Amino acid sequence: MKDEKSGNQLGSYLRARRELVTPAQAGLPSGGNRRVPGLRREEVALLAGISPDYYLRLERGRDKNPSPQVLESLARVLQLDDIERTYLLGLAAARPRAPRRKRPEHVPARVHELLAHLQIPAFVEGRAFDVLASNPMAVALSPRLRPGQNRLRSLLLDPEEQAFHQDWTKATADFVAALRTTIGDDTDNPRFVELVGELALSSQRFRTLWARHDVRGLSGDTTTVHHPVVGGLRLHRDKLAIDDVILVVYYPDKDSDSDEKLRLLAGLSHAQSDDAANERPADYPRSQTH
């Protein structure tokens, strides 16, 4: 993480991606004594049509203004997909800026109303995967979706959340890569600094994934989770941007086994809410407005 802390994100990203491309993938012979896991610097330079000295300057942060043509060649050699290529171009285009005043993430009142009306698991998350608001169905699906929780921290450090995901390995890779994409060049954001620092200290899985510099979006997808009460659920996930926050919804195929289980979970959740309400003192307010 040395290059990132010193501001050399472009060089750090190039080196990380270079180490992930094997000579065979690049069409080069793989024999001989190789001291690097992927391509050598001079091999990348040769394949990209630039001088080894110039590529070395790029990796070491001595030249931070490569042309779009050079970046496109490097993206081809490093076998970047569209999201990774866009990320690379964004790193090179980033310019020093004055520190920006960070506004607290705010959930609009209308979104709270929407959450209350949705009969499927729904919640609002911030840019760092902090849960800012959620409806009862989201909490019934996973207690880690209560406001105040962080989805990535739970995924990496909470054993119950790890057991919740059928493919925890893929989930962690997707989430960390999505965080890398979200951060972009906004590396001075205090929330990102705090979260990355905490997870780098407490999770080997995070350190391994963060060092890869993978980037990808995390929007629509289908996932399978294991609920401790109703069992396996196959759910679609969609994300909708609303102002500065993201509304996340989970829903099953209509009339599927997962749809039936989710309705059962909704019934159990309502029953528990009614029991909790009946146990309150008579003078306890039955509803509260936040």
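**From a buried valine to the sheet**

Val107 is buried, with a relative accessible area of 8% (buried means under 20%, exposed over 50%, partly exposed in between, using a 1.4 Å probe and protein chains only). The model is predicted, so local features need pLDDT of at least 70 and side-chain atom pairs count only at pLDDT 80 or more, while totals for chains, interfaces and linings use all residues. Residues are numbered from 1 along each chain as its sequence is written, and side-chain values use heavy atoms, with hydrogens and water left out.

Val107 sits in the loop between helix H6 (82–93) and H7; helices (H or I, at least four residues) and strands (E, at least two) are DSSP runs, numbered from the N terminus. Setting aside neighbours within four places in sequence, Val107 is in contact with His112, Val124, Leu132 and Ala133, where contact means heavy atoms within 4.5 Å. The C-alpha atoms of Val107 and Val124 are 7.6 Å apart, although 17 residues separate the two along the chain.

Now for the sheet: 5 strands form an open, antiparallel arrangement in the order S2-S1-S5-S4-S3, with pairing requiring that DSSP finds at least two bridges between two strands. Strand S2 (131–134) and strand S3 (221–227) each have a single partner strand, so one side of each is left without a neighbour in the sheet. Strand S1 (residues 122–125) is joined to S2 by 3 bridges, and Phe123 has Ser134 of S2 as its bridge partner.

Elsewhere, helix H3 (residues 41–48) has Glu43, Val44, Ala45 and Ala48 as its buried residues. These pack against helix H2 (9–18), helix H4 (52–59) and helix H5 (68–77).
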